[in-house]
2 protein chains.
Amino acid sequence: MKKLIKNVGIYRDHKITESQNIAIKDDLIIGFPLDPVPAAYDEVIDGNNMLAFPGFVNTHNHIAMTVFRSYADDMQLMDWLEKKIWPAEDKLDSDIVYAQAMLGIAEMIRCGTTSFADMYFFMDDVARAVENSGIRAALCRGMTGITPNAQQALQESKTFYQTWNGKADGRITIMLGPHAPYTCPPDYLRQVVDVAHELGAEIHTHLCETKGEIENIQKQYGKTPIALMDELGVLDCGCLAAHCVWVNDEDLDILAQKHVRVAHNPGSNLKLASGIAPIPKMLEKGITVGLGTDGASSNNNLDIVEEMHLAAFIHKAHTLDPLVIPAETAINLLTEGGAKCLGYTHAGKLEAGCKADITLLDRNGLHWYPKNDMMSLMTYASNSFDVDTVIVNGNVLLRHKEFTTIDIEKVKAEAERTKNKLFASII
Amino acid sequence: MKKLIKNVGIYRDHKITESQNIAIKDDLIIGFPLDPVPAAYDEVIDGNNMLAFPGFVNTHNHIAMTVFRSYADDMQLMDWLEKKIWPAEDKLDSDIVYAQAMLGIAEMIRCGTTSFADMYFFMDDVARAVENSGIRAALCRGMTGITPNAQQALQESKTFYQTWNGKADGRITIMLGPHAPYTCPPDYLRQVVDVAHELGAEIHTHLCETKGEIENIQKQYGKTPIALMDELGVLDCGCLAAHCVWVNDEDLDILAQKHVRVAHNPGSNLKLASGIAPIPKMLEKGITVGLGTDGASSNNNLDIVEEMHLAAFIHKAHTLDPLVIPAETAINLLTEGGAKCLGYTHAGKLEAGCKADITLLDRNGLHWYPKNDMMSLMTYASNSFDVDTVIVNGNVLLRHKEFTTIDIEKVKAEAERTKNKLFASII
């Protein structure tokens with residue numbers, strides 16, 4: 001199956017070049033023909049007035065938490081967790097998680113996302129939603145070592161890996177998801193590391209999200225969460241660490257040395273008042289960084305383009321330096337940086353031999369006028385509603401803003417039905 | 001001319017109430033009939049699955065700077081001004097400003113904006129664009145006291161006031177626009193204050209935008225910019241002050257005491273690395289605050305919904321308090337707070353007797369599902385593309401995302417033509 005995207009502006013080699021063509025065969029980009037013959041392709045996509053980017057990557061999510069979107073906001077974190085979220089999470093089931101995962105996936109595709117990393121429960125249902133929708137994902141079952149089901153979670157993670165890793169035409173990869181150093185004691189983390197080595201699985205965890213976490217871990221173990229995770233071998237498994245807001249220079253050196261990839265979640269970090277991660281410093285040290293929305297309950301949308309705006313904005317004010325996170329860096333966080341975070345070796349770039357994960361934005365919106373610098377317009381002026389077409393693994397999932405694989409009215413109705421079911425069960 | 005918005009969720013009395021009706025006669029909201037007879041109205045707008053808000057207000061703009069949108073980003077402020085903006089601004093003309101103002105107004109209407117405050121040059125052309133488009137605006141000619149045309153600018157401001165104040169069915173009001181304390185020496189500001197009193201005009205100015213401004217004014221005059229402006233009588237004229245990022249507690253007391261209204265521009269303050277204004281403290285002191293985009297070259301869009309997200313986000317992280325700027329406050333900044341900033345006494349609320357400036361958002365987007373708390377969804381999950389219908393002064397300017405008063409393809413073409421003309425003249 002061959003596809004051609006014709007006459008499109010493309011982001012390649014760190015710049016935008018107009019009037020290019022992209023040839024796709026099956027799941028791969030195969031080249032950029034100068035004078036293609038449309039008849040040689042099964043499908044020709046008109047890229048007129050569009051820009052093609054490597055598909056956007058959402059590097060940290062708890063996708064089924066869409067059910068809690070705007071359910072309980074403007075609260076202190078522990079109130080929110082103890083009074084609202086944890087009691088409700090106890091009542092989640094397979095039906096609810098599948099419906100909410102489909103909602104979240106649909107929203108992400110609509111915002112140009114072609115792959116995402118997820119940590120939650122009932123992950124077989126999330127994997128089914130990934131398989132059915134056509135998106136790409138790196139999934140893990142969240143594990144905590146301090147709850148009665150700690151061992152069960154570890155066993156389920158193993159089974160989850162064995163069942164799903166490499167499935168759905170290779171679109172699904174499985175990681176291990178120890179929740180955080182404050183919910184997973186050292187002994188438990190050692191077990192996770194053993195399983196990671198046994199399976200060859202990488203790790204996705206939360207790290208250094210709040211000031212309180214640093215203070216508690218420091219008090220309990222006499223070291224920072226990153227030093228602790230390093231000592232326990234977690235960072236040697238290939239590690240995606242979400243947040244990394246409160247990190248000192250030694251922590252940054254460890255992250256760089258151990259090639260830890262950082263999921264930067266500006267919206268969540270701002271909304272939950274966690275703080276602002278030192279992303280410019282990380283990039284200086286060569287640390288790989290991608291963008292994440294976190295769950296919809298901490299954001300409250302899954303709009304990765306908005307996260308790019310936030311990333312391009314907040315570090316400038318935080319450092320009082322207007323030159324940090326310039327346009328090219330912001331676009332890289334959204335695309336190639338994100339793909340590296342998820343452990344993808346042949347994605348995140350528009351290059352022959354890379355997976356055909358491509359997001360097309362139309363430039364008809366008023367905010368794209370007048371036509372000055374395209375990189376800057378993309379970074380500072382664009383909007384997720386500019387996303388016109390989304391291609392994952394060579395398949396068109398969104399065409400002119402319409403879904404091809406998802407019955408969107410059914411997804412909305414199911415999201416509403418399962419939300420009502422959940423909340424009926426806890427009142 | 002009577003209009004009815006039927007069966008709509010409305011934001012009124014600080015909360016959202018479903019299944020309401022809004023009756024409009026000419027330019028005013030006249031009531032909320034419980035069981036209206038559609039035949040009694042000239043037009044009935046179906047509000048099904050929509051939310052009605054007081055029209056969004058953009059309290060600080062330099063609208064014709066759309067021509068510089070993404071023209072020169074990721075630069076130091078003085079490099080940007082001296083090498084890029086000032087040489088280009090010298091070549092602006094009436095034709096360019098009108099075309100770019102129409103572009104900016106169209107973009108603002110598309111984002112739900114019903115009124116805006118603007119400071120720039122060739123303001124007769126901006127006023128014509130306001131008159132022709134149907135939007136409401138508080139306009140001023142920007143004045144600097146350190147340039148050769150200082151006296152001319154003051155005279156033009158006077159003429160501009162006399163020509164346009166109260167025109168376009170009362171949609172246009174005129175203010176005086178001394179640029180900032182660092183571009184307007186005390187003697188000049190005293191002259192501005194005299195003219196303000198003579199005309200009964202209010203003042204729109206930039207105040208305390210950067211740390212450098214505070215340091216320089218302090219060094220030159222031995223007091224803060226706000227203390228200086230207060231001493232010169234500027235704050236006694238009725239004053240809209242943009243930015244107010246670097247203000248101390250005494251400054252805040254002066255702002256409160258003199259009823260200065262603050263235009264908070266989070267996007268611009270972040271992007272230009274100006275800093276983060278202490279908005280929660282201002283609100284505690286009872287200071288009126290609205291939201292602004294600033295010019296498109298500092299943002300780079302005119303999306304006031306994005307500014308609301310930013311305002312709801314950044315102060316939580318800046319103060320490490322997740323409870324500051326909760327949903328209701330954020331919505332108030334966008335609506336009533338903004339209307340007060342512009343000096344409107346009968347706007348900014350959905351109340352009988354208020355101007356019929358109304359923004360309708362549709363709730364069909366995936367990010368509005370599942371249907372939990374509406375105030376929270378609006379504040380944290382919504383998007384400017386949810387804006388469906390925009391009514392100003394009782395007239396529908398946007399209906400189901402289509403413009404009624406603006407030929408949008410012509411606006412885009414004119415924006416492009418005049419941009420090319422401008423840049424051809426400076427190369």
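In chain A, N300(A) is situated in the loop that runs between β14 (289–291) and α11. The structure described here is a predicted model. N300(A) is joined to N299(A) by a cis peptide bond, with an omega of about 5°. A cis peptide bond is also found between Y369(A) and P370(A), where omega is about -15°. P370(A) belongs to the loop between β15 (358–362) and α13 (374–381) of chain A.

In chain B, attention falls on N7(B), which has a positive phi of about 55° although it is not a glycine. N7(B) is part of strand β1 of chain B, a strand comprising residues 2–12.

## Domains of chain A

Chain A is divided into two parts: domain 1, made up of 2–54 + 355–403, and domain 2, covering 56–341. The domain centres, taken over C-alpha atoms, are separated by 28 Å. To the contact between them, domain 1 of chain A gives 27 residues and domain 2 of chain A gives 30 residues.

## Helices α11 and α12 of chain A

Two packed helices are described by the angle between their axes and the distance between the axes. In chain A, helix α11 (residues 304–319) packs with helix α12 (residues 327–341) at an angle of about 145°, and their axes are 9 Å apart. The crossing of α11(A) with α12(A) is right-handed.

On the side of α11(A), the contact is made by I304(A), M308(A), A311(A) and A312(A), while α12(A) provides A330(A), I331(A), L333(A) and L334(A). By class, the contact of α11(A) with α12(A) has 8 nonpolar residues, with no polar and no charged ones.

## Helix pairs of chain B

Helix α2 (residues 94–110) of chain B packs with helix α3 (residues 123–133) of chain B at an angle of about 40°, their axes being 8 Å apart. This angle makes α2(B) oblique to α3(B). The crossing by which α2(B) passes α3(B) is right-handed. From α2(B), the residues S94(B), V97(B), Y98(B), A101(B), M102(B) and I105(B) meet D125(B), V126(B), R128(B), A129(B), V130(B), N132(B) and S133(B) of α3(B). The residues of this contact divide into 8 nonpolar, 3 polar and 2 charged.

Helix α4 (residues 150–164) of chain B and helix α5 (residues 186–199) of chain B pack with their axes 11 Å apart and at an angle of about 15°. The two helices α4(B) and α5(B) are therefore roughly parallel to each other. In passing α5(B), α4(B) makes a right-handed crossing. The residues of α4(B) in the contact include A150(B), L154(B) and Y161(B), and among those of α5(B) are Y188(B), V192(B) and L199(B). The contact of α4(B) with α5(B) divides by class into 8 nonpolar, 3 polar and 2 charged residues.

## Relation between the two chains

Two copies of a chain are related by a rotation about an axis and a shift along it. Here, chain A is superposed on chain B by a rotation of 180° with 0.0 Å of shift along its axis, and the RMSD is 0.0 Å. The two copies are thus related as by a two-fold rotation axis. In chain A, F385(A) has the C-alpha nearest the axis, 3.5 Å from it.

The interface follows this relation between the chains. Of the interface residues of chain A, 100% are also interface residues in chain B, so the copies meet through the same surface.

Key
Residues are numbered from 1 along each chain as its sequence is written. Chains are lettered from A and ligands numbered from 1 in the order in which they are written. This is a predicted model: local features need pLDDT of at least 70, side-chain atom pairs count only at pLDDT 80 or more; totals for chains, interfaces and linings use all residues. Side-chain values use heavy atoms; hydrogens and water are left out. Copies are superposed by least squares on the C-alpha atoms of residues with pLDDT of at least 70 in both. Contact means heavy atoms within 4.5 Å. Axes are lines fitted to C-alpha atoms, for helices over the stretch in contact, and angles run from 0 to 180 degrees between N-to-C directions. Helices (H or I, at least four residues) and strands (E, at least two) are DSSP runs, numbered from the N terminus. Angles under 35 degrees count as roughly parallel, over 145 as roughly antiparallel, 65 to 115 as roughly perpendicular and the rest as oblique. A crossing is left-handed if the near helix is turned anticlockwise from the far one by less than a right angle, and right-handed if clockwise. Ala, Val, Leu, Ile, Met, Phe, Trp, Tyr, Cys and Pro count as nonpolar, Asp, Glu, Lys and Arg as charged, and the others, Gly among them, as polar. Domain bounds come from an automatic or database domain assignment.
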